[in-house]
Amino acid sequence: METFDVYDKNRLKTGRTLVRGEQNGDDYLRLVVHICIINRKGEMLIQQRQSSRHSWADMWDVSVGGGVLSGETPCQAAEREAAEELGLKIDFSGMRPAFTVNFVHGFDDYFIVRSDPDISSLKLQQEEVKDVKWASLDEIFSMIDDGSFIPYHKNLIGLLFDMKEQADARNLH
């Protein structure tokens, strides 16, 4: 059972928690993280969600994403999610999100990591991740157009690629 801390509009913990899947009304905000791994060729590692996922089944998404569990920081959640979903050990302790997107039910912190992992050696979390591949910005835009990629705003995806040079280059192997 996953629980999440509830935050106020100023991103301060309220002392309340919520359980994944419970109906909690519209008066809660929570933290989410997304990690975008971009290689030396300027391609993003993208993942295909499993058919059994309750949202966005079989669709392609950015490298990693997930909720920040109760008691975690966004950096701790990013480390956990990268390890769980892809089997990657990435040290986020000295990193800050590249930016945060506010959405109806919370705050979505985006981390950009420069790295070239060998995708054939990744350990995919079978319950969540069906497949992974490298994709260029144009390929992701085409996938958004054809409905195979989660329908992010193209400007958001473009911003992720534009900010790759500002990413923490210490993770580039």
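**Note on cores, ring pairs and overall fold**

1. Phe 92 touches Ile 35, Cys 75, Ala 78, Glu 79, Phe 111 and Val 113, leaving out residues up to four places away in sequence. Contact here means heavy atoms within 4.5 Å. This is a predicted model: local features need pLDDT of at least 70, side-chain atom pairs count only at pLDDT 80 or more, and totals for chains, interfaces and linings use all residues. Residues are numbered from 1 along each chain as its sequence is written, and side-chain values use heavy atoms, with hydrogens and water left out.

2. Which residues touch the most other members of the largest nonpolar core? They are Ile 35, Ile 37, Phe 92 and Phe 111, in a core of 25 residues. Strand E3 (30–38), helix H1 (74–86), strand E8 (106–114) and strand E9 (129–135) each give two or more residues to this core. H1 gives the most, with five residues. A nonpolar core is a set of buried Ala, Val, Leu, Ile, Met, Phe, Trp, Tyr and Cys residues joined through side-chain atoms within 4.5 Å. Buried means under 20% relative accessible area, exposed over 50%, partly exposed in between (1.4 Å probe, protein chains only). Helices (H or I, at least four residues) and strands (E, at least two) are DSSP runs, numbered from the N terminus.

3. In helix H3 (residues 154–162), Leu 156, Ile 157, Gly 158, Leu 160 and Phe 161 are buried. The cover over the buried residues of H3 includes E3, strand E4 (44–49), E7, E8, E9 and helix H2 (137–146).

4. Aromatic pairs number three. Rings of Phe, Tyr and Trp (its six-membered ring) pair if their centres lie within 6.5 Å; planes under 30 degrees apart count as stacked, over 60 as edge-to-face and the rest as tilted. Phe 99 and Tyr 110 have ring centres 5.1 Å apart and planes at 20°, so this pair is stacked. Phe 99 is in strand E7 (residues 99–103) and Tyr 110 in strand E8, so the pair ties together parts 11 residues apart in sequence. Phe 99 and Tyr 110 are both buried.

5. Phe 149 and Tyr 152 form a tilted pair, 6.1 Å centre to centre with 55° between the planes. Phe 149 counts as buried at 1% relative accessibility. Tyr 152, at 14%, also counts as buried.

6. Two charges sit over rings. Arg 30 lies over the face of Phe 4, at 4.8 Å from the ring centre. The charged end of Lys 133 is over the ring of Trp 60, 4.7 Å from its centre. The test is NZ of Lys or CZ of Arg within 6 Å of the ring centre and within 35 degrees of the ring normal.

7. Arg 16 lies in strand E2 (residues 13–19). Its relative accessible area is 40%, so Arg 16 is partly exposed. Beyond its neighbours within four places in sequence, Arg 16 is in contact with Phe 4, Asp 5, Val 6, Asp 27 and Tyr 28.

8. Overall, the protein has three helices and nine strands. Along the sequence the pattern reads β-β-β-β-β-β-α-β-β-β-α-α. Of the 173 residues, 49% count as buried. Residues 24 or more positions apart account for 62% of the contacts with a separation of 6 or more.
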